[in-house]
Amino acid sequence: MNSELLKSDVKKNDVRPWYHRLSRLPFCKDDAIGRAVKVWLAIGLVMIFVQVVVGGITRLTGSGLSITKWEIVTGTLPPMNAAQWEHEFDLYKATPQYKKINSLQGMGMSEFKFIYFWEYIHRLWARTMGFVFLFPFMFFWWRGMFSKELVKRLSVVFLLAALVASFGWIMVKSGLIDRPWVNAYKLTIHLSLALTLYSYLLWTTFRAFQPKQSVIHSPVLRKWGTALLGVTAIQIILGGIMSGMKAGVFYPTWPDMNGVFLPAVLFDGAEWNVNNFVDYDANPFTNGLIQALHRNTAYLLTIMVLWYAFKVFKNIKNQRLRLSTLLLVSMLVIQVLLGIFTIINCKGIVPVGLGVFHQAGALVLLSILLYNRYLLRSST
């Protein structure tokens, strides 16, 4: 759009730059500028999605402890010669994971390079996201392309990103002390923060792409949409704990759990103690409890989504809501099947491919739920 034409449309006594005086969008100034900001937001979302998927691969391949230091600047480059590789391998050999597991399996340099690769990519991608977010943000802000509201929301995005990165290192450190794996609870906090960051940025992007989307006035569906988001959040948290504990290998059957609906250990009052929750990898109780909760929350969520979809198609004519609800049901079916296939293939080890697809599916399901709820928001 020609800037001279834009200048002629504003009042002469307004001394602000022309791009400050346009308000075509609530978040950005000028249609052309708005497109640039929207593309930037979309790129950020895709990068976070990829980071979560790569994080899943890193976890399931046991790669997360291969880099034992948090070097923000110098850690950008991988080992460049044989001596540097040997140094990194020696650092890893001091970890409980190597001593208790990989040394017994005869890990060599080639196997170490494989797990190092995934952790390095995970960290490098995080650094890249920092640059992709920071420098365009500074440019757009300097040019006055943001509204005050968007500046506030993006400030929250940067804060959440810092928390995610910090807890990432806290999580890694938990696996360098005595356990051969990272602490399942700290892993879950790291994952939950990452998904909170993704969800907040996704909602912000919805507002940028569809700021004038008409609101669907249905208080009942709005409450149910919020409830679905709450139950989904709980389910994702349970899934993170289950993955961190590798609980799937304890009960790799479906629809039963090794022949029963609920493991007998859950009905033993003596097992309900703090030590079992802390030392979860030393007993079957916590693994059985988390897997039982994860399974049954999935059943509850399925019932809730089907009821919600029935109400939408019965009472709402809005095509966007109906289509997003159809996508929601379809993705839920796919996610349930992925969960079942992952469980029944946990024969001594969690299958990497299925586990990663299951985690990615959770993120897709969450995205659809958020868009569905955005269409039902109470105000623009």
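Visitor: What volume does the largest pocket have?
Guide: The model is predicted, and its pockets were searched for in the computed coordinates. Rolling a probe the size of a water molecule over the atoms shows where empty space is left. For the largest pocket, the volume comes to about 1,200 Å³.

Visitor: Which residues are closest to the centre of the largest pocket?
Guide: The lining of this pocket has 47 residues. By class, they divide into 26 nonpolar, 16 polar and 5 charged. Elements that give two or more residues to the lining are α2 (31-60), α5 (109-142), α6 (148-174), α7 and α8. The closest to the centre are Gln51, Ala126, Val164, Ala165 and His190.

Visitor: Which elements give two or more residues to the lining of the second largest pocket?
Guide: The second largest pocket has a volume of about 610 Å³. Its lining has 29 residues, and the closest to the centre are Gly62, Ile101, Trp181, Lys246 and Ile349. The elements asked for are α2, α4 (96-102), α5 and α8.

Visitor: How many nonpolar, polar and charged residues are in the lining of the largest cavity?
Guide: A search of the whole structure finds 1 cavity of 30 Å³ or more. The largest cavity has a volume of about 710 Å³, and among its 36 lining residues the closest to the centre are Gly239, His294, Gln335, Gly339 and His358. At least two lining residues each come from α2, α7, α8, α10 (284-315), α11 (319-344) and α12. By class, the lining has 19 nonpolar, 15 polar and 2 charged residues.

Visitor: Are α8 and α12 roughly parallel or antiparallel to each other?
Guide: Helix α8 (residues 219-245) and helix α12 (residues 352-375) pack with their axes 10 Å apart, at an angle of about 160°. Angles over 145 degrees count as roughly antiparallel. The two helices are therefore roughly antiparallel.

Visitor: Is the crossing of α8 and α12 left-handed or right-handed, and which residues of α12 make the contact?
Guide: The crossing of α8 and α12 is left-handed. From α8, the contact uses Arg222, Gly225, Thr226, Leu228, Leu229, Thr232 and Ile236. By class, the contact of α8 with α12 has 7 nonpolar, 3 polar and 2 charged residues. The α12 residues are Ala362, Leu366, Leu369, Leu370 and Arg373.

Visitor: How many charged residues does the contact of α7 with α8 have?
Guide: Helix α7 (residues 184-209) packs against α8 at an angle of about 140°, with the axes 8 Å apart, which means α7 is oblique to α8. The contact is made by Ala184, Tyr185, Leu187, Thr188, Leu191, Ser192 and Leu195 of α7 with Ile236, Ile237, Gly240, Ile241, Gly244 and Met245 of α8. These divide into 9 nonpolar and 4 polar residues, and the number of charged residues is none.

Visitor: Which peptide bond is cis, with omega near 10°?
Guide: Most residues other than glycine have a negative phi, and most peptide bonds are trans. The loop between α8 and α9 (274-278) holds proline 255. The cis bond runs from tryptophan 254 to proline 255.

Visitor: What is the phi of lysine 246?
Guide: Lysine 246 is found in the loop between α8 and α9. Its phi is positive, in a residue other than glycine. The value is near 55°.

Notes: Residues numbered from 1 in each chain as written. Predicted model: local features only at pLDDT ≥ 70, side-chain atom pairs only at ≥ 80, totals over all residues. Heavy atoms only, no water. Axes fitted to C-alpha atoms, helices over the stretch in contact; angles between N-to-C directions. Helix = DSSP H or I, 4+ residues; strand = E, 2+ residues; numbered from the N terminus. Parallel < 35°, antiparallel > 145°, perpendicular 65-115°, else oblique. Left-handed = near helix turned anticlockwise from the far one by under 90°. Contact = heavy atoms within 4.5 Å. Nonpolar A, V, L, I, M, F, W, Y, C, P; charged D, E, K, R; others polar. 1 Å grid on protein atoms, 1.4 Å probe; cavity = no way out; pocket = protein on both sides within 12 Å on 5 of 7 lines; lining within 4 Å. Points joined across faces, edges and corners; volume = space filled by probe spheres on them.
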